[in-house]
Amino acid sequence: SADNTLAPLLPGATLGVLGGGQLGRMFVHQAQGMGYFTAVLDADPTSPARLVSHHHIQTGYEDPQGLAELARLSDAVTTEFENVPAAALAALAAQRPVSPAASAVSVAQDRAREKAHFVACGVPCAPYAVIETAEQLAAVSSDLLPGILKTARMGYDGKGQVRVKTPAELAAAWDSVGKVPCVLEKMLPLALECSVIVARGADGGTVHLPVQRNLHRDGILAVTEVFEQNLPPALAQQAVAAAVSIANGLQYVGVLCVEFFVLQDGSLVVNEIAPRPHNSGHYSQNACDVSQFELQVRTVARLPLTQPRQHSPAVMLNLLGDLWFAHGDAAQTPPWAEVLALPGTHLHLYGKRDAKRGRKMGHLNITAATPEAARATALQAAALLG
Ligand code: ADP
Ligand code: MG
């Protein structure tokens, strides 16, 4: 319950985070850099954020004692993981300010509720149907095919999704995901994908990062590019306005990422939201004067929000575990020294011990004076990484 009458938490206070993944780690780094103490709750003893946090509570999100300990240690709490049970956030909120609120996170973690929220905000999304029963499955309009069946909960990086062309394929796909609640979305003709990071304070004020243009491979974000003229300015403005109205509609406090599709006819369609910093916002660490993690610290600590300014064109390359296997089956360290010899390259690794194919191990931010130079360096880095 972020309360706009509360005073800011100044450096020296302790900020708690639910979840110990890489987003939690980068939040912890940022908070500590600004003079805060940190507490992380995560069941994994080797979680990336745990390795760098002042305090660590090694337990699951459902453990009432662990949550009570997090509340005791922390002056305010945030989350880095959208699938934290809303009940855990609600329990914490009884004791400490929590942002984002359980009510907002619970919308973001359920694709059916998320889409209903987009409709309520008047922001166009893909035509869809909710499938929770055999009757709903049978009643699906053929207008939605070909489509993508997505589990309503727990999907990420393209997981929990099946592409279907016919009613028979749809029925088989719903079977294959265990008949859990799903949404079926019409397959749209995409021209490109983009996203916006919005930060909204307890006073309702919002700031945002520049609109990011994203390239996915196999359902996983691969590359983000951010520079002027990367997107038609009117489209970027439309995306920011839509993201702000989605955040306002949720009474959101914190950092929110809104992902969009731009269709081949030029229209903008919202895809999904993440109630936390997002992979596509990582470029802000090196290309903006305020990063998405600083925005998160500021919203949790109720510090003023100032509009970030991008000072360099940027390209972000995701570093998946596959790069460790570029030369065969034995894991090898990628050639970091050669990569870092390229001007404007900034390496971020998450401290994950074992590289696995498809696992997000880190990212490389590339900044340059011009978009062309940033792209050229990104191509050189990608060639070195194999
Ligand atoms: P995730 O939670 O795994 O990121 P998304 O819903 O964002 O799931 O889908 C992952 C990717 O699949 C998108 O970034 C996009 O490339 C593609 N995709 C998803 N939905 C559609 C759609 N309705 N039409 C066309 N492509 C889609
Ligand atoms: Mg997505």
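## Strand S2 and its partners

S2 and strand S3 (residues 55–57) pair in parallel over three bridges; two strands pair if DSSP finds at least two bridges between them. Alanine 39 sits opposite histidine 55 in S3. Strands (E, at least two residues) and helices (H or I, at least four) are DSSP runs, numbered from the N terminus.

This is a predicted model: local features need pLDDT of at least 70, side-chain atom pairs count only at pLDDT 80 or more, and totals for chains, interfaces and linings use all residues. Residues are numbered from 1 along each chain as its sequence is written, and side-chain values use heavy atoms, with hydrogens and water left out.

## Strand S1 and the crossover

Strand S1 (residues 14–18) also runs parallel to S2, joined by five bridges. Valine 17 faces valine 40 in S2. S1, helix H1 (residues 22–33) and S2 form a right-handed β-α-β unit. Right-handed means that, with the strands pointing away from the viewer, the path from the first strand over the helix to the second runs clockwise.

Four of the five residues of S2 (residues 37–41) are buried, so the strand is largely enclosed by the rest of the structure. Buried means under 20% relative accessible area (1.4 Å probe, protein chains only).

## Helices H5 and H8

Helix H5 (residues 111–121) packs on helix H8 (residues 233–249) at about 110 degrees, with axes 10 Å apart. H5 and H8 are therefore roughly perpendicular (65 to 115 degrees). Axes are lines fitted to C-alpha atoms over the stretch in contact, and angles run from 0 to 180 degrees between N-to-C directions.

His117, Phe118 and Cys121 in H5 meet Ser245, Ile246 and Gly249 in H8; contact means heavy atoms within 4.5 Å. The residues of this contact comprise three nonpolar, three polar and no charged.

Definitions and conventions: Chains lettered and ligands numbered in written order. Buried < 20%, exposed > 50% of the residue type's maximum accessible area, 1.4 Å probe, protein only. Parallel < 35°, antiparallel > 145°, perpendicular 65-115°, else oblique. Nonpolar A, V, L, I, M, F, W, Y, C, P; charged D, E, K, R; others polar.
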